[in-house]
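Hi everyone, thanks for coming. I'd like to walk you through one structure today, so please have the viewer open and follow along.

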Amino acid sequence: LQDADWLAMASGKADPQKLFMSGKLKITGKVMASQKLEFLTKLDRSAVPVAAAGPASASAPAPAAATAAPATPKFIERLQQELGGGTLGREAGGTLLVKVKDPDAAIFVDFQQRSVKAGEGTAQATLTLSDEALGKLVRGEQSLESLYQHGELRVDGDVLAARRLSAIKFN
């Protein structure tokens, strides 16, 4: 999708379906999920011209970027608490690799050995998600199941091994 077409959709001047049919909007994966683009019709139109104006001029100060701390350290800390003496015991068994994107990180969890370490390893299951999605999990805003259902979490391998994280309450 070109920037101009995105702005046209956001401003209500272009219909996402028409852009798709004309080849200006390309969708990969689940095409039916594109129906969620209807949220564009509910945007506050008064904010669109500001975004369309481009970068802020030199006379106007740029808004401060809100940078959240990566969620990975908090995630590792909570896992270590649970494996060290929390409710998740050795009976859970198995291994898990959590791959985080933006910023990239890898966390290897061995439930049997009760260890959590930064880095890769051979695991029964691999979970891949963004740092933003991991933050939602750590803050208790979303569960693993919810992240998966909304396409924010990918699970490769043994799904049951991945579900072991569901026993941990992060908030």
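Predicted model: local features only at pLDDT ≥ 70, side-chain atom pairs only at ≥ 80, totals over all residues.

Now the overall layout. The protein chain has seven helices and five strands. Going along the sequence, the pattern reads α-α-α-α-β-β-β-β-α-α-β-α. If you take contacts between residues at least 6 apart in sequence, 58% of them join residues at least 24 apart.

Just after α1 comes G12, with a positive phi of about 85°.

Next, the sheet. The five strands form an open sheet in the order β3-β2-β1-β4-β5, and the pairing is mixed. At the edges you find β3 and β5, the latter covering 153-157, and each of these pairs on one side only. On average, neighbouring strands here are turned by 15° against each other, ignoring direction. As a reminder, strands of a sheet pair through backbone hydrogen bonds, in either the parallel or the antiparallel sense.

Let's look at the pairings. Strand β2, residues 105-110, runs antiparallel to β3 over four bridges, and within that pairing V109 has V116 of β3 as its bridge partner. β2 also pairs with β1, antiparallel again, over six bridges. There, V98 stands opposite I107 in β2. The hairpin of β1 and β2 has three residues between the strands, and D102 in that hairpin takes a positive phi near 60°. With β4, on the other hand, β1 pairs in the parallel sense, over six bridges. If you want a residue pair to click on, L96 has A125 in β4 as its bridge partner.

How many of the seven residues of β1 are buried? Five of them are, so β1 is largely enclosed by the rest of the structure.

Let's stop at one residue in strand β4, namely L129. With a relative accessibility of 4%, L129 counts as buried. Which residues is L129 in contact with, once we leave aside its neighbours within four places in sequence? They are V98, K99, V100, K101, L134, L147, E152 and L153. Take K101 from that list: L129 and K101 lie 28 residues apart in sequence, yet their C-alpha atoms are 6.3 Å apart in space.

Packed on the sheet is helix α5, residues 131-138, which touches β1 and β4 and whose direction makes about 100° with that of β4. D131 is buried but has no salt bridge, and the nearest side chain of opposite charge, R139, is 7.2 Å away. So what lies 2.9 Å from a polar atom of the D131 side chain? It is the backbone nitrogen of A71.

One is between K74 and E77, at 3.9 Å from N to O. These two are three residues apart in helix α4, residues 72-85, which means about one helical turn separates them. K74 is partly exposed at 43% relative accessibility, and E77 is partly exposed as well, at 39%.

Another joins E120 and K99, with 4.0 Å from N to O. E120 sits in the loop between β3 (115-118) and β4 (125-130), while K99 belongs to strand β1 (residues 95-101), so this pair ties together parts that are 21 residues apart in sequence. K99 counts as partly exposed, at 32% relative accessibility.

The last one I'll show is R154 with D156, where the closest N and O atoms are 2.9 Å apart. Is R154 buried or exposed? At 52% relative accessibility, R154 counts as exposed, whereas D156, at 29%, is partly exposed.

Conventions
Residues numbered from 1 in each chain as written. Heavy atoms only, no water. Buried < 20%, exposed > 50% of the residue type's maximum accessible area, 1.4 Å probe, protein only. Pairing = 2+ DSSP bridges. Axes fitted to C-alpha atoms, helices over the stretch in contact; angles between N-to-C directions. Contact = heavy atoms within 4.5 Å. Lys, Arg positive; Asp, Glu negative; His and termini not counted. Polar contact = N/O pair within 3.5 Å; in protein donor to acceptor, adjacent residues only side chain to side chain.
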